Structures are given as C-alpha cells and as structure tokens.
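Biologist: I am new to this structure and would like to learn how to read it. Please take me through it one feature at a time.

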Amino acid sequence: MIKKHFKQMTHQEVYIIQKRISLLKRYSLSKYQFSKHASIRMNQRHIKGRELFEIFNSYQIVEFRVVKDDIRVVIRSNYI
C-alpha cells in the first residue's frame with residue numbers, strides 16, 4: 001500500500017488526480033447511485049446528493065493511497 005500526503009506528491013501526481021476527478025465530475029456523477037452505506041451516512045448528516053456534487057467544484061487534495069489496484073483519494077472542500 002502506498003500512501004502520500006499532498007505535500008509529498010509530485011506535480012505530476014497532483015495533475016493526474018485532478019484530471020481523474022474532473023473526468024469523474026463530467027461523466028460519472030450523474031450515472032452512479034450512492035451506496036446504501038453512503039445514503040445512510042448522508043441521511044444522518046442531512047447531506048443532499050446535490051450538495052455532495054458541489055464539493056467537486058472547489059476542492060483540495062489531502063492525500064491519496066493505492067490499495068491493490070484501487071486508487072483512493074481524500075479531498076476536502078470549503079463548500080458550505
């Protein structure tokens with residue numbers, strides 16, 4: 001498993017992650033449904049799906065990690 005904080009990432013790694021997130025935002029968000037677990041947590045926290053999608057308009061990469069063939073990215077947003 002590889003895990004990096006954004007300060008440890010190269011410019012190329014940040015660029016690749018930003019590109020993938022922009023592709024996710026452009027093509028995937030409208031096609032996928034939230035998992036049951038995500039829906040329950042969103043309900044508990046009173047978060048609407050539309051609000052969650054707004055996060056992708058303004059975000060910062062916190063860290064990423066590679067687990068087997070899966071790339072996981074932690075992001076944060078100032079969206080209120």
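Biologist: What percentage of the residues of the protein chain count as buried?

Modeller: This is a predicted model, where local features need pLDDT of at least 70, side-chain atom pairs count only at pLDDT 80 or more, and totals for chains, interfaces and linings use all residues. Residues are numbered from 1 along each chain as its sequence is written, and side-chain values use heavy atoms, with hydrogens and water left out. Buried means under 20% relative accessible area, exposed over 50%, and partly exposed in between (1.4 Å probe, protein chains only). Of the 80 residues here, 14% count as buried.

Biologist: Which pattern does the protein chain follow along the sequence?

Modeller: Helices (H or I, at least four residues) and strands (E, at least two) are DSSP runs, numbered from the N terminus. This chain has 3 helices and 3 strands, in the order β-α-α-α-β-β.

Biologist: Which residues make up the largest nonpolar core?

Modeller: In soluble globular proteins, nonpolar side chains tend to be buried together. A nonpolar core is a set of buried Ala, Val, Leu, Ile, Met, Phe, Trp, Tyr and Cys residues joined through side-chain atoms within 4.5 Å. Here the largest one has 6 residues, namely M9, I17, I21, F56, I61 and F64. At least two residues of this core come from each of α1 (11–28) and β2 (59–67).

Biologist: What is the phi of H46, and where is H46 found?

Modeller: H46 is not a glycine, yet has a positive phi of about 60°. H46 sits in the loop between α2 and α3 (49–54) and counts as exposed, with 68% relative accessibility.

Biologist: Which residues line the second largest pocket?

Modeller: On a 1 Å grid over the protein atoms alone, a pocket is an open set of points where a 1.4 Å probe fits, with protein on both sides within 12 Å along at least five of seven lines; lining residues have an atom within 4 Å of a point. The second largest pocket is lined by H37, A38, R41, M42, R45, I47 and L52. Helix α2 (residues 36–44) gives the largest share of this lining, 4 residues.
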